Amino acid sequence: MTPKKHEFEHDVKLDVEARVRQGVKAVLEEVLEEEMSEHLEAGYRELTPTRRGERNGHYQRNLLTPAGKIERLEVPRDREGEFVTEVFERYKRMTGDVEEAVLEMYLSGLSVRKIAGVTEALSKVRIGKDAVSRIASRLEEQQREWRERPLENKEHPYLYLDATYLKLRWGARVTTMALLVCVGVDEEGFREVLAVEMAGKEKGAAYASLLRGLIDRGLRGVRLVVSDDHEGIKAAVAGELPGVEWQRCVVHFERNVLSHVPASEMNEVAEDIKAVFKVRRQKTARALAEEFVELYRKRFPKAVALFEAGIEDALTYLSFPGSHHIRIRTTNMLERLFKEVKRRTRVVGVFPNETSASTLATEIALRSSEEWALRRYLTMDALEAEKPNPQLSRH
């Protein structure tokens, strides 16, 4: 075969594959619109007696299918955030499991030969060296694009910051590195992972670098940052997001106070602490806090000292809409995300290097949070009226 003929056939093949993907994309988007109509019991701009809600635009996501990767698929969204499509689960079962297993094995340091043997034994499909390389390269490219994506198209009033630790090899020894994660809630009330970064230690400089990178990409409109009582986070927020308020995670705060209370009396004290955070009015919460101090000052002086030092930061959320309180007073959302990362990386044990740890942990975090785009986390209507928007754009 002549070089020109070979090149021509190659171009034809690429063109056909692209056209097939375009056709699949069009069909999938039509199916998604039909699913939305069924969910709402009404078509686009159709008024019916049984209508269950309203459309709320679209969001984009990529989808792996037997026809290849479908990019920028337009997915409809309803105003209540209740629409869930069966399309993604169907294709996830078809393509996601094998690819995800290959990635885990590859990133944990298994040889291509071993991966091929495992996949052939389990699925009767032998994954060769080229296939593993394509999967890894595609993932790294997707993550690079994700890390560099602009954020200026919308505001993120709430940020959640925290870290977990992963083990990896550093030369001849095993060490731990911090996996820093930032999740944002946008102006429409939907959550998304904004950044995932590895750091040698959970220091202020690492968090400052993470926030600076987000600002450079267009992060704006932040009103509140939620985290545990980490000096590095507080310093980074004060330095990179001046004027933004900080909320100390209530769950971590309660644990810190209770660590200085005898186990025999912990239940009683815990109930009184929790009572402070069950009310919506600042005046009532502060009155209950004063009662707590008077009640336990002599019995548990260390616990009360910690309580007095941190209670104001733990009550920051009370100056925000009452309907948001339960969501913005803790980092429980991140704790659940980290639990999934730990569950999935436990089979790896010790990562061969920093890149493999970062790549796999990032992929797990992103896949775990994909469903966030389908369900509204908070209703944001009340926020603008109650809290002015600080001008945080960096010029």
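1. Buried is used here for residues under 20% relative accessible area, exposed for those over 50%, and partly exposed for those in between (1.4 Å probe, protein chains only). F292 is buried by this criterion, with a relative accessible area of 3%. Across the protein, buried residues make up 46% of the 395 residues.

2. The model is predicted: local features need pLDDT of at least 70, side-chain atom pairs count only at pLDDT 80 or more, and totals for chains, interfaces and linings use all residues. Residues are numbered from 1 along each chain as its sequence is written, and side-chain values use heavy atoms, with hydrogens and water left out.

3. The protein has 14 helices and 7 strands, taken as DSSP runs (helices H or I, at least four residues; strands E, at least two) and numbered from the N terminus. Of the contacts (heavy atoms within 4.5 Å) with a separation of 6 or more, 67% come from residues 24 or more positions apart.

4. Helices α5 (residues 204–216) and α6 (residues 231–240) have axes that come within 8 Å and cross at roughly 35 degrees. The axes are lines fitted to C-alpha atoms, for helices over the stretch in contact, with angles from 0 to 180 degrees between N-to-C directions. The crossing of α5 and α6 is right-handed, a term for the near helix being turned clockwise from the far one, whereas left-handed means anticlockwise by less than a right angle.

5. On the α5 side of this contact are G204, Y207, A208, L211, R212 and I215, which meet G232, I233, A236, V237 and E240 of α6. By class, the contact has 7 nonpolar, 2 polar and 2 charged residues. Nonpolar covers Ala, Val, Leu, Ile, Met, Phe, Trp, Tyr, Cys and Pro; charged covers Asp, Glu, Lys and Arg; the others, Gly among them, are polar.

6. What does α5 pack against? Its buried residues pack against β3 (158–170), β4 (173–185), β5 (191–199) and α6. The buried residues of α5 are A206, Y207, A208, L210, L211, L214 and I215. The 13 residues of α5 should span 18 Å at 1.5 Å a residue, and its end C-alpha atoms are 18 Å apart, which agrees; the expected span is 1.5 Å times one less than the number of residues. After α5 comes G218, with a positive phi near 115 degrees.

7. L180 lies in strand β4 and is buried at 1% relative accessible area. Its C-alpha atom is separated by 7.5 Å from that of L161, 19 residues away along the chain.

8. The structure holds 6 aromatic pairs, meaning rings of Phe, Tyr and Trp (its six-membered ring) with centres within 6.5 Å; planes under 30 degrees apart are stacked, over 60 edge-to-face, and the rest tilted. F253 and F307 form a tilted pair, 5.8 Å centre to centre with 35 degrees between the planes. F253 lies in helix α7 (residues 250–258) and F307 in helix α10 (residues 301–314), so the pair ties together parts 54 residues apart in sequence. F253 is buried at 0% relative accessible area and F307 at 1%.

9. The ring centres of F292 and Y296 are 4.9 Å apart and the planes lie at 55 degrees, so this pair is tilted. F292 and Y296 are 4 residues apart in helix α9 (residues 282–296), a separation of about one helical turn. Y296 is buried, at 0% relative accessibility. Ring pairs link F253, F277, F292, Y296, F300 and F307 into a cluster.
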